[in-house]
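Hi there,

Here is the structure I promised to pass on. Have a look at it first, and then read my notes below.

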Amino acid sequence: MDAIRTRLTQSSSVGVAEDEEVGGAQRVEMRFVTSEAEEEVEAGPNSDITALVWRHRHGYRKVSMFLCVCVIVFTTAFLLAYAVFSGQYHCSWVGGQEEKDEQLGGGAKPPAEVGMGLYLGELRVMMKRLLQDEDIHNTVSRVSRASHPPGSSEGTSVASEVLRRFRQLQMDHTWTESLYATLQFPHRSQRSSLWLLDSAGLISEQIPLNPADYCPYSAAGSTTGGVVYANYGRLEDFNWLKSVGVSVVGRVVVMRVGGGVSFAEKVWLAERNGVGGALIYPDPADLPQDPRRLGLNAHTAVSEHVHLGSGDPFSPGFPSFNHTQFPPIQSSGLPLIPVLPISATVAAKLLSQLTGASCPPSWRGRLPYVRCVLGPEFSSGRRVKMSVHSVMTPVLLNNIFSSLESRVEPDQYIILGAQRDSLGPGAVKSGAGTAILLELARTFSAMVKNGFSPRRSLLFVSWDAGDFGNVGATEWLEGYLSMLHLKAVAYFSLDQAVMGDDVLSAFSSPLLVDLLDAAIRQVEHPKHAGQTIHSQAERDGGSWRIVKPLHLNSGAYSFTAFAGVPAVELRFTEERAYPFVNTPLDSVSRLQEVLGGRLGVTGRSVGELVGEMVLRLAHDHILPLRITSYAQTVLQFSAQLNKHSAELQSRGLSPQWVFSARGDYSRAAETLQRAVDYSDLHDPATARFYNTRIMRVEYYFLSQYVSAVETPFRHVIHGRGDHTLSALAEHLSLLTSDPERFDEKRFRRQLAFFTWTLQGAANALNGDVWSVHNTHT
């Protein structure tokens, strides 16, 4: 603003000088004309009265002409000064786009006052003009040209390429952080195997398997038994088998990929039910395998890790150190049973020989020549033996960082990240996310060089070992947990961002829902020209369908459930599932075929959508997070409690404590929101005071009453464990479904943990201790 005032002052002074010069000339000219007129009057035969009238008439004309000239000259000078100043601004950033990034200079930034003066609309235009789609396609092709698991030569090559690209952008800080983590790989000399045994226990047939197919963190060893078909391996599936008298204890269960549960959750539930081993296959009903269309080969298996958690499973809840100095602590989420991924062809061979009761209609897949039965017996008394051979190996991981440091609030970070590794080519798994990450880094770097000064710092991260359960990201979180809840504003995961170009899904913390809603109203749909993502979603049944809860395998999950940072993972898909993810067929050519050659366009749309949300967080004085969202979540649970209030009171339990805590939180959030609305947000101290409280809301929902080592995902809404709202609701449902299994002592403990976490969040939002008035009866 000082620069603007200086230029306007200079322009005004120039205009005045010009006006004086022009006015002076006019006054001389006017005096000359008047003299001639006077001479003519004096020479004529008219009287002195006539001469006097002439003088007055010419006097009025002189004043009028003088005023008109002054107005015209001042207006011209002002418009000229404005045009020159405005032209310099527009030329500076439009011209900058025609130059190469390396010609833009280093990390030099304009003063914060100038950058902060740009309107959000101007920043949107700048971002859209700078985003490109050509580099996205090229980067996906480069990253996914071959398998690149952590520690491999190809993985190291991809990491070097990403680091080089970050350094070319000449941002404020670019660095790597290395750590050792324990990963599991197939044994080099011993292969995992699957056999059919005859009634005498002798091997009658060995079923061929691809030696590269495995489930990381499966238990090593062998098991033998009958086979039971368990549909998707969900809780309700195992409960149904139990209800019809089909025992899975000691059996080998065959489960389908999908059903809304990860491999790790399937195996964990199977183990809880006494299963001896697990085989997981892709059914054509879930993943297309029609040879006449683009689909999965019937001989291809889908691989996924089976650790029910994230990060290094031998350092749960704390950073991965050198294990020779710090003895490992094994995660409770590591399975104790062997697990193998198998193809649809192998599954059909096994299931077609089962005998027993028929499956319910909803369990029937589309395996050819398979009559859906449950098992557990084979024809002719045969059984299955499976053997898994794998080894745990310490691997050096490298996370790569690059940042744009704010000049206003540099200690507040907006983080964007993507997985870099893949056990297969990984066009979707790692290529698309890495490409969009690099493109957004390039775009925001160019924006900063052209005048944008973000209010908060931007941090771009390429994570290692994502295929093993987001190991690189989680270990970084564990190492910086004590500071991130004070500094991290939000996290945007770009993992698997492009699996199609039709349907948008957002796996998100509720705090980011309003921000997302505003963004989808600004960004054009990649497939439907002229339509925003919001308008197209409304046509397809409602934009509310876009938002989904965070899930364990999401790259955003650990940030919210473990670290208490609001996070979101955005993903475009098709109505027909992309079948190649987590397989050796996840190549750029197949992804392009699914997208009709629009990989770059779709990737750019995702980048623009994420960029729009980042812009708001980086630009606005007050963080646009919906702090009242969790009150609505708890309200829904309160309604469930109310239905069981009579039964609870008969057992000496009262839901009033929860109702009171929910009310306190709701009032505290609304009070804070009103205070923000009526405050001077342009005052830096006021804005920072409110932003600090808003930033910590997600963190307040991490339970302080459970161990981060034993229960890493401490978030009472999104986490996993007995302390969570979902576990409390599941236990509450036993009052009607199975009253004998209802454990009153455990329920009291669950209710206390959840209620005090919610009450603590309410107290923290209230601010000072003298603003909190709790009465506990």
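Accessible areas here come from the Shrake-Rupley method with a 1.4 Å probe, and for residues only the protein chains shown count as cover. On that basis the protein exposes about 34300 Å², with carbon and sulfur atoms supplying 54% of it.

Some housekeeping: this is a predicted model, in which local features need pLDDT of at least 70 and side-chain atom pairs count only at pLDDT 80 or more, while totals for chains, interfaces and linings use all residues. Residues are numbered from 1 along each chain as its sequence is written, and side-chain values use heavy atoms, leaving out hydrogens and water.

Now the overall picture. The protein has 24 helices and 18 strands (DSSP runs numbered from the N terminus: H or I of at least four residues for helices, E of at least two for strands). Of its 777 residues, 53% are buried, where buried means under 20% relative accessible area, exposed over 50% and partly exposed in between, with a 1.4 Å probe and protein chains only. Taking contacts (heavy atoms within 4.5 Å) between residues at least 6 apart in sequence, 80% join residues at least 24 apart.

Next, the interior. A nonpolar core is a set of buried Ala, Val, Leu, Ile, Met, Phe, Trp, Tyr and Cys residues joined through side-chain atoms within 4.5 Å. The largest one holds 168 residues, and Phe444, Phe460 and Tyr665 touch the most other members. Helix 10 (residues 427-449) gives the most to this core, with 13 residues. Another core, of 26 residues, lies apart from it and includes Leu477, Phe507, Leu552 and Ala556.

Helix 10 also packs against helix 4 (residues 120-130), at an angle of about 130° and with the axes 9 Å apart. The axes are lines fitted to C-alpha atoms over the stretch in contact, and angles run from 0 to 180 degrees between N-to-C directions. Helix 4 and helix 10 are therefore oblique to each other; angles under 35 degrees count as roughly parallel, over 145 as roughly antiparallel, 65 to 115 as roughly perpendicular and the rest as oblique. Among the residues that meet there are Leu123 and Met126 in helix 4, and Phe444 and Met447 in helix 10.

Lastly, is Val302 buried or exposed? Val302 counts as buried because its relative accessibility is 4%. This residue is found in the loop between strand 7 (277-281) and strand 8 (339-341). Its contacts include Val257, Phe263, Pro341 and Val581.

Best wishes

Conventions:
Lists of a residue's contacts leave out its neighbours within four places in sequence.
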